[in-house]
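Colleague: I would like to learn how to read the sheets in a model like this one. Could you take me through them?

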Amino acid sequence: MSPLATESAKTEVGQIITVTPEALQELVTLRDSEPEGDRLGLRLEIVSNPGEDFKYDLSFDIVTKAAFSDEVRTHTRPEIGSLKVIIAASAIDLLEGSTLDHTATQGLVIRNPNKPKAPSVEGLISNDALSAEVEALIKDEVNPALAAHGGFVTYVGHDGEGTAYLTMGGGCHGCSMSRMTMLDGVQTMMVEQIPEIERVRDLTDHASGENPYYH
């Protein structure tokens with residue numbers, strides 16, 4: 001199948017990310033200022049690692065260079081114009097339901113309702129019944145409580161000896177109270193409700209914004 005045929009097939013299904021009129025206007029203007037503007041689409045990728053807050057790469061690329069596994073969607077508004085958006089295969093699930101907007105103060109911004117995938121840490125257990133119980137508690141009680149501060153936690157796994165490992169992101173990340181929130185709030189909630197969990201450890205490096213290697 002040719003790249004053009006692939007693109008045509010992909011644009012028949014619904015959008016993955018919503019592009020607001022303000023963002024579309026800005027992007028069409030930027031694209032049209034490029035030498036090959038009529039051949040270009042906006043390529044979206046997520047360049048952060050699992051467990052980290054999302055970091056995005058937005059760039060213009062020739063649409064016919066999109067890989068077969070990428071998704072190409074057309075965003076059109078008659079009063080503004082049309083823009084093809086190339087979503088990298090690795091980002092499709094993580095961008096589902098997102099919105100690409102543009103404001104005078106922030107510029108282009110992606111509002112993403114999804115959470116980063118948990119990092120894979122050797123030696124931790126993350127696919128057993130206890131993990132399912134921990135993840136349910138995080139989904140139903142922990143993250144809704146942290147959402148008021150713009151934060152969330154991601155479950156990484158447990159060590160089989162009573163310790164659950166998490167990462168923190170969003171508004172709590174980098175905040176001077178984030179570790180206290182983790183230890184005094186999340187740990188208390190888990191220890192009280194899940195007898196097998198005796199303590200919680202945070203794998204997030206709040207100073208650098210990265211997840212240090214777990215030993």
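**Reading the sheets**

Modeller: Gladly. Let us start with an open sheet of 3 strands, ordered β1-β6-β7, with mixed pairing. Its edge strands, each pairing on one side only, are β1 (17-19) and β7 (107-111). On average, neighbouring strands here are turned by 25° against each other, direction ignored. This is a predicted model, in which local features need pLDDT of at least 70 and side-chain atom pairs count only at pLDDT 80 or more, while totals for chains, interfaces and linings use all residues. Residues are numbered from 1 along each chain as its sequence is written, and side-chain values use heavy atoms, with hydrogens and water left out.

Colleague: What counts as a strand, and what as a pair?

Modeller: Strands (E, at least two residues) and helices (H or I, at least four) are DSSP runs, numbered from the N terminus. Two strands pair if DSSP finds at least two bridges between them. In general, strands of a sheet pair through backbone hydrogen bonds, either parallel or antiparallel. Here, β6 (residues 98-103) and β7 are antiparallel, with 5 bridges; His 102 has Leu 108 in β7 as its bridge partner.

Colleague: Which helix packs on this sheet, and at what angle to β6?

Modeller: That is α2, which touches β1, β6 and β7 and makes about 70° with the direction of β6. Contact means heavy atoms within 4.5 Å. Axes are lines fitted to C-alpha atoms, for helices over the stretch in contact, and angles run from 0 to 180 degrees between N-to-C directions.

Colleague: What is the strand order in the sheet of 4 strands?

Modeller: The order is β3-β2-β5-β4, in an open sheet with mixed pairing. At its edges lie β3 (56-62) and β4, each pairing on one side only. The twist averages 30° from one strand to the next. Helix α2 (residues 21-32) packs on this sheet too, touching β2 (40-46), β3, β4 and β5, at about 90° to the direction of β5.

Colleague: How many residues lie between β4 and β5 in their hairpin?

Modeller: There are 3. Strands β4 (residues 71-77) and β5 (residues 81-87) pair in the antiparallel sense over 7 bridges. Arg 73 stands opposite Val 85 in β5, and His 75 has Leu 83 there as its bridge partner.
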